[in-house]
Amino acid sequence: MIVAFSVSPSAGEPDGGVSEAVSRAVKVVRESGLPNSTSSMFTEIEGEWDEVMAVVKKAVEAAGEGSARVGLVLKADIRPGYSGQLAAKVERVEAHLRED
């Protein structure tokens with residue numbers, strides 16, 4: 001499965017940013033050893049259901065340190081029997097774009 005998620009604590013930086021909290025969450029994801037990618041809005045992680053959800057939980061906890069509330073947006077692509085799709089899905093789109 002691939003999960004795309006975004007976390008945001010209720011108490012961020014003075015300018016309204018949340019980069020410090022998000023960096024704590026991304027660190028958890030990267031240290032998990034699972035395939036992952038981070039963009040400006042979401043972090044994606046690929047693996048089996050239980051391992052991915054355990055990492056998401058730890059990432060949310062890390063982002064929420066010192067905050068009374070954390071918002072979580074999560075989208076999942078659950079496709080049993082497939083792996084390596086984090087990069088493969090993008091490559092298939094890029095292949096179509098090269099055809100044009």
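# A guided tour of the predicted model

The side chains of E31 and K27 are joined by a salt bridge, with 4.0 Å from N to O. Please note that the model is a predicted one.

**Stop one: E31 and K27.** Select these two residues and display their side chains. Where do E31 and K27 lie relative to each other in helix α1? The two residues are four apart in that helix, so about one helical turn separates them. Both E31 and K27 are exposed.

**Stop two: E20 and R24.** Remain on helix α1, which covers residues 19–31, and select E20 together with R24. A salt bridge links E20 to R24, and their closest N and O atoms are 3.7 Å apart. E20 and R24 are also four residues apart in α1, which means that about one helical turn lies between them. Is E20 buried or exposed? E20 has a relative accessible area of 52% and is exposed, because the cut-off for that class is over 50%. R24, by contrast in class, is partly exposed, with a relative accessible area of 23%.

**Stop three: E91 and R98.** Now select E91 and R98. Their side chains form a salt bridge, at 2.5 Å from N to O. E91 is partly exposed at a relative accessible area of 41%, while R98 is exposed at 55%. How many salt bridges does the structure hold? The count is five.

**Stop four: the largest pocket.** Select I2, A4, E44, K75, A76, D77, Q85, L86, K89 and V90, the residues that line the largest pocket. The space in this pocket comes to about 170 Å³. Which elements supply at least two residues each to the lining? They are β1 (2–9), β4 (70–77) and α3 (85–99). Colouring by residue type gives another view, in which the lining divides into five nonpolar residues, one polar residue and four charged residues.

**Stop five: a nonpolar patch.** Next, select M41, F42 and V73 and show their surface. These residues form a nonpolar patch on the surface, and together they have about 290 Å² of accessible area. Where is M41 found? M41 sits in the loop between β2 (36–38) and β3 (43–46). M41 is exposed, and its relative accessible area is 58%.

**Last stop: the whole chain.** Followed from the N terminus, the elements run in the order β-α-β-β-α-β-α. Along the principal axes, the C-alpha atoms fill a box of roughly 45 × 30 × 20 Å. What share of the residues is buried? Of the 100 residues in the protein, 28% are buried.

Notes. Residues numbered from 1 in each chain as written. Predicted model: local features only at pLDDT ≥ 70, side-chain atom pairs only at ≥ 80, totals over all residues. Heavy atoms only, no water. 1 Å grid on protein atoms, 1.4 Å probe; cavity = no way out; pocket = protein on both sides within 12 Å on 5 of 7 lines; lining within 4 Å. Points joined across faces, edges and corners; volume = space filled by probe spheres on them. Nonpolar A, V, L, I, M, F, W, Y, C, P; charged D, E, K, R; others polar. Patch = residues over 30% accessible without salt bridge, like charges linked within 9 Å, V, L, I, M, F, W, Y side chains within 5 Å. Areas by Shrake-Rupley, 256 points an atom, 1.4 Å probe, with all protein chains shown as cover. Buried < 20%, exposed > 50% of the residue type's maximum accessible area, 1.4 Å probe, protein only.
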